[in-house]
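I opened this notebook to keep track of what I looked up in one structure. The entries follow the order in which I checked things.

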Amino acid sequence: MTRKIALAFAALLLPLTPVSANEDAPLRSIPGVEQPYQTTAFDPDADAMAAVDAALDAARRSGKRVLLVMGANDCHDSAWLANAVTSADLAATLATRYHIVFVDIGMPQVGRGRNPEIPTRFGFRKIKGTPTVAILDARGHVLNRKAAPKWRNAASRNMTEIQTELMQ
């Protein structure tokens with residue numbers, strides 16, 4: 001009986017719950033970045049395969065890894081992450097470990113995909129959200145297969161969280 005009352009009370013409160021907490025949340029900032037939710041890092045006219053090949057070649061010569069960021073300019077999470085990893089706070093630190101390449105894959109999760117050969121090349125059959133971030137060794141093997149799609153919430157992460165995850 002108590003459970004039924006609790007459920008009925010909870011149902012009455014549902015209309016009072018905001019539809020989306022993100023709509024009312026203040027926009028976050030990245031030090032030194034004027035528009036953290038806007039980017040041009042994902043060039044729709046770039047030869048995506050050539051860019052990835054160049055990053056892998058540089059990784060073979062340097063002994064570093066490749067940070068392959070697959071996203072879209074019109075995705076707020078992709079824009080946030082692109083601005084974060086190229087910001088003054090993170091760029092120098094990440095450069096000690098990675099060659100970073102941004103590839104425009106559009107938003108395949110909503111039927112607007114581009115450059116599908118890039119995720120396919122690295123064994124990503126279905127993109128669940130953008131950005132999808134693959135850490136590659138110099139031979140092109142994905143080192144973070146399970147964590148790669150979890151970046152689709154990048155705009156909710158702070159700079160410390162991003163740095164900690166990428167530098168572990």
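**Entry 1: the whole chain**

I began with burial: of the 168 residues of the protein chain, 39% count as buried (buried means under 20% relative accessible area, exposed over 50%, partly exposed in between, with a 1.4 Å probe and protein chains only). I note that this is a predicted model, in which local features need pLDDT of at least 70, side-chain atom pairs count only at pLDDT 80 or more, and totals for chains, interfaces and linings use all residues. Residues are numbered from 1 along each chain as its sequence is written, and side-chain values use heavy atoms, with hydrogens and water left out.

I looked up the surface next. The protein chain exposes about 10000 Å², and carbon and sulfur atoms supply 55% of that area (Shrake-Rupley method, 1.4 Å probe; for residues, only the protein chains shown count as cover).

I then listed the secondary structure and found seven helices and five strands (DSSP runs numbered from the N terminus: helices are H or I with at least four residues, strands are E with at least two). From the N terminus on, the elements run α-α-α-β-α-α-β-β-β-α-β-α.

**Entry 2**

In what order do the three strands of the open sheet lie? I read S2-S1-S5, with mixed pairing (two strands pair if DSSP finds at least two bridges between them). Strand S2 (98–104) and strand S5 (132–136) are at the edges with a single partner strand each, so one side of each has no neighbour in the sheet. Neighbouring strands here are turned by 20° against each other on average, direction ignored (axes are lines fitted to C-alpha atoms, for helices over the stretch in contact; angles run from 0 to 180 degrees between N-to-C directions).

Strand S1 (residues 65–71) and S5 run antiparallel and are joined by five bridges.

**Entry 3: helix H4**

How many of the ten residues of H4 are buried? I found nine, and H4 is mostly covered. Among them are Asp77, Trp80, Asn83 and Val85. The buried residues of H4 pack against S1, helix H5 (91–95), S2, S5 and helix H7 (159–166).

**Entry 4: rings**

I searched the whole structure for aromatic pairs and got two (rings of Phe, Tyr and Trp, the last by its six-membered ring, pair if their centres lie within 6.5 Å; planes under 30 degrees apart count as stacked, over 60 as edge-to-face, the rest as tilted). The rings of Tyr37 and Trp80 have centres 5.3 Å apart and planes at 40°, so this pair is tilted. Tyr37 is in the loop between helix H2 (21–24) and H3, while Trp80 is in helix H4 (residues 76–85), 43 residues apart. Tyr37 is partly exposed because its relative accessibility is 23%. Trp80, at 1%, counts as buried.

Phe42 and Phe102 form an edge-to-face pair, 5.5 Å centre to centre with 85° between the planes. Phe42 is in the loop between H2 and H3 and Phe102 in strand S2, 60 residues apart. Both Phe42 and Phe102 are buried.

I also checked for charges over rings (NZ of Lys or CZ of Arg within 6 Å of the ring centre and within 35 degrees of the ring normal). The charged end of Arg145 sits over the ring of Phe124, 5.0 Å from its centre. The charged end of Arg157 sits over the ring of Trp151, 4.0 Å from its centre.

Key: Contact means heavy atoms within 4.5 Å.
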